Structure formats: structure tokens, C-alpha cells
Amino acid sequence: MHDVGSQGRPVADAGAARQRGPLFADFAMIETPGSDASPPTELGDRFLRFYGTFWSASHYPPPQCLLVDGSGTRGLLAPVQMSDADASQNSPHHLRPTIAEIHRAMEIQPILKRGGIVWLAVPWRDRRTRLLAIAHAPQDARLWGEAEEGSLGALACMLDPGRIDDYRQVLGVPVFQRLSLFDPDGRRLLGEDAELGGTGDTWQAGRDGLRFSMRSERGWHAVYQVGWRQLWQNPQGPILGAMLVALALALAGVLMLRGYRRSVIEPLRDNHARLLENEAFMRTILDKAPIGLCLLRSADGEVLLDNRLARQWLGEAHDAGGWSGPWRRSALQAQAALAGDGLAYTTPEGQHLLVTATSARYRGEPAVLCLFIDLSSQREAERVQQQARLAADEANRAKSQFLATMSHEIRTPLYGVLGTLELLGLTPLNARQQDYLATIQRSSSTLMQLISDILDVSKAEAGQLSLEPSPFDPARLTEDAMDSYAAAAANKGLQFYACIDADVPTSVCGDAARIRQILNNLISNALKFTYSGRVVVRVSGRRQDERCWLQWQVADTGIGIAGEHQAHLFEPFFQANPSTDAAQGTGLGLSICAHLAALMEGRLRVVSETGLGSSFSIELPLAVVPPDPQRSPAQHLPAGAQIQVRGDVRELVQSLCERLHQRGAHVSVYREDAAAGPATPVLLEVVLDGPPPACQGGPRVVACPEGGVRPQRTDDGWQVGLHRLDAIVAALVAASGPSAAASVEGRLPEPPHFGLQVLVAEDNPINQAILRDQLEQLGCRAVVASDGNEALGYWQQGAFGLVLTDLNMPALDGYGLTRALRARGVDVPIHGATANADPAERQRCQEAGMQGVLVKPISLEALQRLLTRITNGSTSASSHPENPTHSPPAPDDPALRVPDRTRTLFVQSMQADLDSLLQAIAEAKPERVVQMLHRIRGALAIVGAPALADSGLEIEERLTQGAELTSQAAVLTAFQRRLRKLLDPLIDDGSSPPHTGSTPP
């Protein structure tokens, strides 16, 4: 300000008198009261000239500026515009506090000393706020009369906010209603507090109006508030309002269109797309479906839809022959009927279809949905299955025929062996011979059982295994099984015994042969896998409802069975110890046992531990029945007999005590300190192994494995077998006194005699002779015929009480004979005899009119039971067979073993068969040759010529397979030569008279 224009005049105090005149511009001196400093007139003049020079070039209205000294006590205000009239009102001395505020800002604001500017809001007399822009001005210190260094002189410009609104200054109408101003540091300088957000210019509408927020580049922030009334009072307000309304309507329209599109148009478009997608998907399913499909209009039957398979099977064109078949009319007329089983239809091309139909709707009209299932592969599979079934049935029939033939061929010679042994047992034999005979019978029975096992496996596979229940004694069945294996146990040095509870019923109904088969298998396995120790058979019973559950337990101390093998133990061909040398079986036994147990509604269980042994238990529900009246009652001990039992196995001793007590004796376990009674007791020594203990005096019976089925007198008493209670009782009776001993050592009791005349039809001479001898032993007279026609001739010549007929005979077989006799009104019992125990065979016999069937080999006991039923138990006189002998051996083949009684008959029948064979060869009849060879082979197998029988079988098989008879001439000649060579010694030997059996009346 040092070089600013001419001198001005200072303004005097408001109280001084002033010269009246027009308005003028000047400066005013403001100082604190009591200050005696001279006014800085020069500084005021310069300040005023500088002010005028600067603002004269600006189009903005000039503000008032205030120059403050360094002490904050004086100040110059320029310009000052006033008249004498308002000098007191516009006196600037009210700015004294403002000077102090400016000085204070200089002290506390370092930015001012660095050349910065600070804004302050100060109150004004009109209750408005002025803004002060403060800057540091040390250059005026000299004119203030101060040192320039460290001077706090300041320059401040006052801004009137009311002059900011140019629009209001010109038109008198404000643009905004309120203004809020904030410096870059966020301090409010004007107006009210407001939220400062964002970095740019924003606006928002509120309840009071519009709010505009504006920010400058330097950080100043202004907030303008424009009221709604002020807005509408603006001359352009209606236009702006109309524009806003139009904008709002347009926005509302846009929102409504968008809402309509979202709520209506887009869902419709999506639904339409889904419908198209679903239709395409359904058409894909139709075309790819594994069955044929088509849709027919119900009104006229037009095809509305179809798929690929329907076109493939019925024709590509809808007018093809497959589309016009009867299925179409049926589908349109009776949809309900086709909805069930459907309609079978064969297309013109031979395609087998199954058509089903159901009602439906398609595009608003009724329709019929038809489904086509291809049955061609099913028909082909059924045809193949039918062929396989026929082939399997044919194989089954061939197998059954083979089994029946094998059963017949094997059982027929066994019948001769067992029957002859039975007859031999009725002759006088000493004890050793009786034991030998019993051993042969047991071995033969074991062979028969082995054959039965093989046949049972095949029957079980074919589901033809059946039961034949009949009354039997469980104790006797167990004793028979023990006898069969006693020798095997003795050879291995094992203790082998049975403990049978005394309360086991004496007669139950069941298939004794099948139960014996199971028991034999379990005992055989126990002996096979036990090398030391013992094998024990325990029999017990418990009553439940009307049946008795009998349990046979076979326990051993053998090698045992591993746990992982027990689960497969009852499977066919499974062997738990295949590497054991003793295991030479086929693995079928336990499988058959399990099948039989299930067939008899029983349970077969096993408990085993490796190295400790095994225990097999079979439990069966059997009905208790009255004893068989034809069986002799059990022998009882003398009344009051005293018996003591001694042995190493307490279990066995206790069991014998209980069973002997049932036979009427006073039985107790032997005690050395027992007091002697009035009668001397009989001591029963039970010896399982080793020699019996020395006799201590008194009657004694030793039951040991070496004993037989009949008691034998020894030096110190009696010896008997261990397993037969009846034999032990007989020995105890013999030890009781001399008379009883004599009866025991006598002959065996003779069988009953029935006095019937029996007609026997049997084509095999050996079987004829055995049946004749068996019937004679039972006191019957046998008339033997070789076939059915011969038997019919004998029937007319006499009266018979029973007819026994073989089922398979030449000419008229057993079925034809039975039908012929029934046609003549014959009502006597007729029983068939066959080696095939098949249920179908029994059914055929029953349908032919027979009362029953006897299975070969026919035992004497079976014949006795049959005759007892027929005669109701009445018997008469008897006859006794003779002892058979053997013929001398032939030079090459083994000698024929023919009994003397049947020798003449055998030679005659064989010569007759040879003559028939020669005649059949001469007449070139292969079928007759095969029949005669079969007849001759059956006889040769019985009399001990297996090699020649095998030769005959080979010739028979070749002829059966279609070989020419002339090609077999040489082997047939050799066969006849060998047979005659075997017959010559029998013809020349006249040492025994020929047997003249019964002749037809």
C-alpha cells in the first residue's frame, strides 16, 4: 500500500459532528478505548487507494476490508459509506471484538504466517453472519509504528452472504431458501449442520424440498435447500412441474410395462418354451420307447401320433396292412377289455405283438392310446424253453429208466444173496457160524445201502425221494446199526457203545429205512474220522403234543471239523477233510441225511471243535403207535432176579440199569461194599476194551465187543455181545439157572406158519426158488408161474389166498395180470414185487388194482408181515429147508454156486433159455435175443458167474444200440459155449436128488 494514490480522509467518531452532503467513500479508524496512539492517516490513505484500484477492475461488488495492527488494538475499515444521518447507526466500532478475533487467529493459526488464508464467521448487527477471510500483512508494520519483524498485522475481507445470490440481487427473488457453507476442513461457516457425503455434486428430494450438495475443487462444500413452495413460485415452476409430472407418468408407464412383462409376458414365454420343450421331450420318449406307441382319434380312428417301433412293426404308411388289423377296431370299441390282458396280434410280416389300449385326451378331443409289446423274442424263448424242458424231461425219463433198470439189475442178485442168507440162518448153526452169517448179512445190507444212497442222490435231484412210514422199534433199529459197525470199531480199537433212554417208546411210526440210513451215515463218518477214544450213540425222547421227538446223537473224539467248513457240511460233494486218508467217500452222505431230515420235518445239527471231536444230532417228530402184533414180545428176566452192573463208563452202566429194570429185575450199580442179600446177584460185566476182570465167584455175564448175538458159555460164566439188549437179557436168564441155560443153548425159535396157498408170478428161476423156499419156511404152499399168462392158467385150477407178481415179465407183465384178475372179479390181495421203489411205480401198481408193493430183495420178515396182515395173525404147521451145497468148479470160469434144492430147476430153466436163445437167433429176432440174454444174465449174477453175465450184457447193449444180429454171431456162439461148459458139471453131478417143489394143482 506504500505506492497507492492520493491521501484520503479518516472518518471521525460517530459522536463527532459531520458535514452534511452526499454519500462518500472513506475509511474508518477502529481502536480500543483508552488508546493514545496517533491515527495512521497515511496507512489509511494508501489502504483506501489500493482498495479502490483493485476493486475498480472487478465486476463483483466490493466487500469491506479490515486492516489490523500487530497488537490487535487498532484497525482500519475501508470503505465506509454513510451519511451524517446514519453515522451513528453504521459506526464501525462494533467491530472491535472482530479485531480481537482476527488477532487471536493470527496467534493460533500457523498457516497464516506461511501465507495462507483462514475464514471466520463473525456475527453482525443485523443478526446475520459475515465471513472474514484473514491473511497475514506484516509489510504495514512501519506505518502502524511497529517493528516489521515478528509483526502480527493482518488483512481481513468481510463477505456478506446475502449478496451471494446474484439472482436475488437482480430480480429480487431468491434462488435458494437456505445455504450451508463448509470450509475444506469441514468447519461450518454458514447455515445449519448438514450431512457431507460423497465427493461430487449430488441432489436429493425430501419432504421440505430439494437439497443440492456441491463441492469445489479446493474442498469447499455448499448445501443449498430449495423449498417446494419456492420452486413452484418460480416463473418456470409450472413448466418444470408439468415436465416432472410427464416424467413421473413416463416412469410409471415404464414400470408398469416392466411389471406386466415380468408378471405376464415372461411367464407366458417361459411356459410356451417349456411346453415346446416338453413336447419335444415326449416325442423323443415316444421314438426311443422300447415298445410301440400310437394315438388314435376316438371319433374316426385316425392316427394322431406314433413312434418308430410302431411304424417298424405295423408299416411306415398308416394305410399299410399292419395298421388295419383287428386290433384297431377292438381298441376303438373296447378299450377296457384291452386294458387288462391285452390282445395278441400277428402282423402280416409274422411279428407277434401284444396290444393294450387305454382312453386318453389329446388337444381337447378324446383319443385312444395303444401300446404294442413285441412277443416274438418271448415266443422264441418259450419255444427254446419248451424244447429244453422236453429235452430235460426226456433226459429225466432216460435217467429214471436207467436208474430203475440199474436198481432192478443190482437188487435182483442181491435179493438172491440176502434171501439165501436168511434161509441159511434158519438152519442149525453153531455160534461161530451164526456170527459169520451175521457178518455176511451185515456186509450185504451195507452194499444194499450203498446202492440205495446212489439212487437216493438221483431221486433227490429229481424231487422223487419219498417216505414209507411204518411201525418200528427205535431201540432195535439203533442196535442193528451198532451191530453193523461193531467190527469196524473193534478193528480201530475204539470204545463203541449206545446209551438208550428207558423212556424211549417201543414202537413209533416212521420210515425206518431212511432213519437207519441217516444213522448209518453218521456212525460211519464218526468211525472214519476217529483214531482213538470212543464213539457214542445216544437215543432220547421227549413228548410234545401227540408226537414224540426222538433224538439220535452220534458223538466222537475224532479230529473235529473246522468252523469255516461247518456251514458247507451238508452241501453235496463237500468234504471237510479232503486230504485225510480215511476220507474216501464222495461227500454225498451228509447231503442225503440233511435232505431226508427235512423231508421228515426234522432237524440235523452239528457241534464240532477241531481236535476235540464232533457231535451230530438228528431229531425227528414221530407218532407213537401200538407195537407190531406179529413181533414176539420182549423177553423178561425172572421175577425177583438180582442183577448188578459193573463197568468203566458210568453213562453206559446207568443206561443198562434203567433198561434192565424195565425187563422185571432188581438192578443196581455194582458196589464192592454192598451187603449180601438172601439171593446171589448176577453180575453183568460191561467191557468196552481189553480183557474182562477176573471172576470173583458167583454167576456172571460179560458183555463185550467179542461176544455174539447168542450167549456163549465160558469157563467163568457167559459171554454175549454188547449191543443187543435182548441178547444180554437172554444171557442173564441163562446165568440165573440150568433150565434157562438149556433153553438158551437150544435151537432158534421157529418162524410162524400161515398155511396159505400163494400164486407167485416170477420170470427169474432163482427168484422163483428163493420165494418158494421163503414161503415154505412160513408154512405156505407156493405155485410158481413164469409169466402172467401162465399165472392166469394156474388161477383157474385152484383157490389162492395171495398173489405175488413181478412187475416186469415177458408176454403178460404184472400190471396186465392184475387187471385181468380184477376183471374176472378176483378180490384176493395182489402185491407186486420190484427192485424199483419209485413213487410213480407204486402209483401205477395202485391204479392197476394192487394192494401194495414189495421191494426186492424181499426179506423173510417183510413176507411175514405181509402174511400176518392177510391172515390176521393165524398160523399153522411148518417145514424146514435143507442145507445147500456147492457144485464143483468148471475148468475155465468160476464154479456156479447153486444150492442142491434148486440145482435141477436151475439147469432146466437155463437149458430152456438156451433153446429159446437159439430159436430167436435162428428166426433173426434181435428183440427176443435181448430178452433172453437179460433173463440168463439175471440168473448168472446170482449163482456167481459175473464174467459171463458181463459178456451177455455187452452183447445185449450192442444189439440195443442197433447192431446187426449177424455181426454178433461169433460172440453169441462163444457165450453159449461158455454157458454150456458151466452147466455140464451140474448135469453130470448126481450126488443130490433134484428138487421137486410144489406143482400146480
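Colleague: How many aromatic pairs does the count come to?
Modeller: Four aromatic pairs, by the ring-centre rule. Keep in mind that this is a predicted model.

Colleague: Take Trp327 and Phe372. How far apart are the ring centres, and is the pair stacked or edge-to-face?
Modeller: The centres are 4.8 Å apart and the planes stand at 90°. That angle is over 60 degrees, so the pair is edge-to-face.

Colleague: Where do the two sit in the chain?
Modeller: Trp327 is in helix α8, residues 326-333. Phe372 is in strand β17, residues 365-374. They are 45 residues apart, so the pair links distant parts of the chain.

Colleague: Buried or exposed, Trp327? And Phe372?
Modeller: Trp327 is buried, at 0% relative accessible area. Phe372 is buried too, at 1%.

Colleague: Which residues form the aromatic cluster there?
Modeller: Trp323, Trp327 and Phe372 form one cluster.

Colleague: Now Trp795 and Phe800. Stacked or edge-to-face?
Modeller: Stacked. The ring centres are 5.7 Å apart, and the planes are at 20°. Stacked needs under 30 degrees, so 20° qualifies.

Colleague: Why does Trp795 count as buried?
Modeller: Because its relative accessible area is 17%, and buried means under 20%. Phe800 is buried as well, at 6%.

Colleague: Switching to charges. Which residues form the positive surface patch?
Modeller: Arg258, Arg261, Arg262 and Arg269.

Colleague: Where is Arg258?
Modeller: In helix α6, residues 237-288.

Colleague: What is the exposure of Arg258?
Modeller: Arg258 is partly exposed, with a relative accessible area of 41%.

Terms used
Residues are numbered from 1 along each chain as its sequence is written. This is a predicted model: local features need pLDDT of at least 70, side-chain atom pairs count only at pLDDT 80 or more; totals for chains, interfaces and linings use all residues. Side-chain values use heavy atoms; hydrogens and water are left out. Patches are made of residues with over 30% relative accessible area and no salt bridge: like charges are joined within 9 Å, nonpolar side chains (Val, Leu, Ile, Met, Phe, Trp, Tyr) within 5 Å. Accessible areas come from the Shrake-Rupley method with a 1.4 Å probe; for residues, only the protein chains shown count as cover. A salt bridge is a side-chain nitrogen of Lys or Arg within 4 Å of a carboxyl oxygen of Asp or Glu. Lys and Arg count as positive and Asp and Glu as negative; His and the chain ends are not counted. The place of a charge is taken as NZ of Lys, CZ of Arg, CG of Asp or CD of Glu. Helices (H or I, at least four residues) and strands (E, at least two) are DSSP runs, numbered from the N terminus. Buried means under 20% relative accessible area, exposed over 50%, partly exposed in between (1.4 Å probe, protein chains only). Rings of Phe, Tyr and Trp (its six-membered ring) pair if their centres lie within 6.5 Å; planes under 30 degrees apart count as stacked, over 60 as edge-to-face and the rest as tilted.
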